[in-house]
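Please look through the model shown below.

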Amino acid sequence: MAETDPKTVQDLTAVVQTLLQQMQDKFQTMSDQIIGRNILFCRIDDLEKNIADLMTQAGVEELEGENKTPAANKS
């Protein structure tokens, strides 16, 4: 590691700037991933709501588990 030890103030400044840039790049990547996931989850929530609305309009209600029957056939 002796070859990479900064010998002057300019060397130290360059090392610190490089490290800060790498950190900023990593934080930006993580931020983009988080935002992308949030957008995806919002779209999934909207899709689920739209499906539920369509099922209600079609007269289909969700029963226990995954079974679905038309509302008109309910006793």
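Predicted model: local features only at pLDDT ≥ 70, side-chain atom pairs only at ≥ 80, totals over all residues.

In which element is L12 found? L12 lies in helix 1.

L12 has a relative accessibility of 45%. Because buried means under 20% and exposed means over 50%, with partly exposed in between, L12 counts as partly exposed. L12 also belongs to a nonpolar surface patch, which it makes together with V16, L20, M23, F27 and M30. The area of this patch is about 590 Å².

Helix 1 itself runs over residues 9-57, a total of 49 residues. From its first C-alpha to its last it reaches 71 Å, close to the 72 Å expected at 1.5 Å a residue. After helix 1 comes G59, and the phi of G59 is positive, near 80 degrees.

How many salt bridges does the structure hold? The count is 1. It joins the side chains of D53 and K49, with an N to O distance of 3.1 Å. The two residues are 4 apart in helix 1, so about one helical turn separates D53 from K49. D53 has a relative accessibility of 33% and therefore counts as partly exposed.

The chain as a whole contains 1 helix and 2 strands. Along the sequence these elements follow the pattern α-β-β. What share of the 75 residues in the chain is buried? Buried residues make up 0% of them. The chain exposes about 7,000 Å², and carbon and sulfur atoms supply 59% of that area.

The mean pLDDT of the chain is 82, and 75% of the residues reach 70 or more. Where in the chain is confidence highest, and where is it lowest? Helix 1 has the highest confidence, at a mean of 93. Strand 2, which covers residues 68-70, has the lowest, at a mean of 51.

Note on methods:
Residues numbered from 1 in each chain as written. Heavy atoms only, no water. Expected span 1.5 Å × (residues − 1). Patch = residues over 30% accessible without salt bridge, like charges linked within 9 Å, V, L, I, M, F, W, Y side chains within 5 Å. Areas by Shrake-Rupley, 256 points an atom, 1.4 Å probe, with all protein chains shown as cover. Salt bridge = Lys/Arg side-chain N within 4 Å of Asp/Glu carboxyl O. Buried < 20%, exposed > 50% of the residue type's maximum accessible area, 1.4 Å probe, protein only. pLDDT = per-residue confidence, 0-100.
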